[in-house]
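Please walk through the structure shown below with a careful eye on how its parts meet.

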Amino acid sequence: MTTTPTTTTLPAVRIAALEPVPVEGCHICTAASNGREFGRGQADFVGVRKYGDMIGQHPHRRSTDGKPVRPW
């Protein structure tokens, strides 16, 4: 009697994507970062994702744009 080797498959491992970094001095990024940290403390991972998206999608001027920045 011969035995066939069994292959073991492991479940897929989900690797978390890197989170966007808030821009220093931006009030919107700071508020979203605070909200993200609060959500993380409350285990509200949907909120963490939403605040992360807000940071990532918030527009900022680059120094290479060459356009004047409007005062808010």
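The paragraphs that follow treat a pair of helices and then a group of salt bridges.

This is a predicted model, in which local features need pLDDT of at least 70 and side-chain atom pairs count only at pLDDT 80 or more, while totals for chains, interfaces and linings use all residues. Residues are numbered from 1 along each chain as its sequence is written, and side-chain values use heavy atoms, with hydrogens and water left out.

Helix α1 covers residues 27-41 and helix α2 residues 45-57, and their axes come within 8 Å and cross at roughly 160 degrees (helices are DSSP runs of H or I with at least four residues, numbered from the N terminus; axes are lines fitted to C-alpha atoms over the stretch in contact, with angles from 0 to 180 degrees between N-to-C directions). That angle makes α1 roughly antiparallel to α2, a term for angles over 145 degrees. In the loop between α1 and α2 lies A43, whose phi is near 60 degrees, a positive value in a residue other than glycine.

The structure also holds four salt bridges, each being a side-chain nitrogen of Lys or Arg within 4 Å of a carboxyl oxygen of Asp or Glu. One of them joins R36 to E19 at 3.7 Å, N to O; because R36 lies in helix α1 and E19 in the segment before α1, this pair ties together parts that are 17 residues apart in sequence. R40 forms a salt bridge with E19 too, with the closest N and O atoms 2.4 Å apart, and R40 also meets E37 in a salt bridge at 2.5 Å, N to O.

How values were computed. Helices (H or I, at least four residues) and strands (E, at least two) are DSSP runs, numbered from the N terminus. Angles under 35 degrees count as roughly parallel, over 145 as roughly antiparallel, 65 to 115 as roughly perpendicular and the rest as oblique.
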